[in-house]
Every structure is written in C-alpha cells, then in structure tokens.
Amino acid sequence: MNETGPQNDIGPAPTLDELRQRIDNIDETIHRQLIERSEIVEALIAVKRTDKPGAAFRPGREVDMMRRLVGRHRGILPITTVEHLWREIIATFTHMQAPYEVVVAPGAELRDVARFYFGFTVDFSEGSDVEAVKAKVKAGNGSVLGVVSPDALDAGAWWRDLSKDGVQVISRLPVIAQAGRPVETDAFVLSMPLMDTSVPDMRLIALSAEGKDEAEKAITDIGGVVFAEAIEADRHEILAAMPFSVADVEIESLSKVEGADIILHGEVGGYWAPIFLPSA
Ligand SMILES: O=C(O)C(=O)C[C@]1(C(=O)O)C=C[C@@H](O)C=C1
C-alpha cells in the first residue's frame, strides 16, 4: 500500500507506509529499552536486598518519577495515558523484584483505580469490606497491598486502629489530580511498613473528639486537613492529614484544645501530595 497524504509547501506529505515505518521504529526503540530496563532488576534486588515479598515499594521515588514525567510532558498525548503506561511498568518491575498482590475494597470505581495503578501483572482480589481488606494486608505480612476509599461511609472509623495492626497508608491515588481524568476516585493504598526512608508530604493522624467544630477548627488552625469522619460511641472519629512541616508538639497540643476533648490515637501512615493539573 502506498497511500499519499496531501501536498504541502515543503514537498509531498509522507505516505502512510512512511508514517507506519516511523511508528515501527519508535515502537522498536521503546521495546528494546524496556528489555534493557528489565535487565536492571537483578541488580536492583541485590542492591536493595528486596528478596522478600513486598519489600520493593518506594512510593516516594515513584511520586518523584511522576513529577518529572509531568514536568517534561508536552503535546497532545493525554498525560494520564503516559502515567498509566508508567504505572504498568513500575508496578510490574516492583513485582519482578518481590511478588505482591492487591486486595481492593468493594466497588467498580475502586477496582478501576487499583488496576490503573497496579496493572494486570499483579494478582487481584476483592475484599468483602474494608475490614476484610485490612485483615488480608496484615496476614500477607508485606506481600499484600490494600486499596480502600478514605471516606468509606459504611466502614466507620476504619483508620483508627491501623497502627495497632502494623498496617499503614502508604500512598494516595490518583497521583495526578486532574478534573475529568479517567479513574478520578480518591483511594488510599494500605501496606505493612515498608523499607522506605523517604518522607511523605502529609502525615495521617487518627484522633477522636467530643466537640466536632472545635476539633475541626483546631486541626485547620495548625495547617491540617480533615480527611474523613465517623461517629462511634458518641465520639467524632477523625482522620486528619498534617503537612510534614507541622511539628509533633503542635499535633500533641490538639489534646489541650478547650471544648474539644481530643484524644490522639496516633499516626496511621502518610501520603505524597497529588500533582494538581488544570483539566485536560
Ligand atoms: O527505584 C527503585 O527502588 C526501584 O525498585 C525501581 C522502580 C521502577 O521500576 O522504576 C520500582 C519500584 C519502586 O517502587 C520504584 C521504582
């Protein structure tokens, strides 16, 4: 086939065959470079000593890679397409270093978010509810990641006792916050503690309060954000996100706020701030 495009000022437009040849060349380069990327995995395992399940995740490094990806992107290709391609690559490379599986709380939207971020190489299952997801993450002892909705309305204060089980929030999805993007649903990723020394932008603090309004004001006064709330035993259980710059003493001072009767349950993980982009 030798279809030709329209004539223009700088000579004949390329033929369909020529355009396909360019696409084939680009695809070959991408494929060869992916193979080369995969040849680094053995060395990564040796350097990181990630020869046990689940030990390969480095969420801080992943967000850093996504920030650079967004920074250099240009043109008409949707950024979320590029993000998805890289997520498939990174999730698979993590799995090649140390196997893990993903268990998702019920809901088609959450499942879509989880697939977008962990791809199709990784085994997937659905937990019957948030408690079942937490239990599987704990039992997996590092080889299971959970994906839950931060404000699972029917799950009560699902976050409150996370630290007692050793489970923590390790990241927040979607990483690129862009109105109208595919899979916009907010989700948290749960894991047993990682061998990752990088520090998230936001710390998640579980607390309960007698006075809802007083507690919310005190949290925002020190720079925090109320992420989710539930009422249990007549108390307001709150999941608050605190920028890393908020000192421990400021968080501890919440328990002295008048009229709020705040009890701090503890830190339940953290996340890196989403990359905010204008709508596509
Ligand atoms: O940088 C690492 O530590 C890697 O293991 C590589 C890699 C990747 O494939 O780029 C994989 C897993 C980590 O979560 C981050 C990045």
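This is a predicted model: local features need pLDDT of at least 70, side-chain atom pairs count only at pLDDT 80 or more; totals for chains, interfaces and linings use all residues.
Helices (H or I, at least four residues) and strands (E, at least two) are DSSP runs, numbered from the N terminus. Residue numbers start from 1 along each chain as its sequence is written. Local features need pLDDT of at least 70, side-chain atom pairs count only at pLDDT 80 or more, and totals for chains, interfaces and linings use all residues.

**H4 and H5**
- The axes of H4 and H5 (residues 108–118), lines fitted to C-alpha atoms over the stretch in contact, come within 6 Å and cross at roughly 70°.
- H4 is therefore roughly perpendicular to H5 (65 to 115 degrees, on a scale from 0 to 180 between N-to-C directions).

- The shell, taken as residues whose C-beta atom, placed from the backbone, lies within 6 Å, includes Leu-44, Lys-48, Phe-57 and Gln-97.
- Helices H2 (41–48), H3 (59–72) and H4 (79–97) each give two or more residues to this shell.
- H4 gives the most, with four residues.

**Two domains**
- An automatic or database domain assignment sets the bounds: domain 1 covers 49–198 and domain 2 covers 202–268.
- Their C-alpha centres lie 25 Å apart.
- Contacts link 10 residues of domain 1 with 12 residues of domain 2.
- On the domain 1 side, helix H7 (162–165) and strand E6 (168–173) are the elements that give two or more residues.

Technical notes:
Two residues are in contact if their C-beta atoms, placed from the backbone, lie within 7 Å. Angles under 35 degrees count as roughly parallel, over 145 as roughly antiparallel, 65 to 115 as roughly perpendicular and the rest as oblique.
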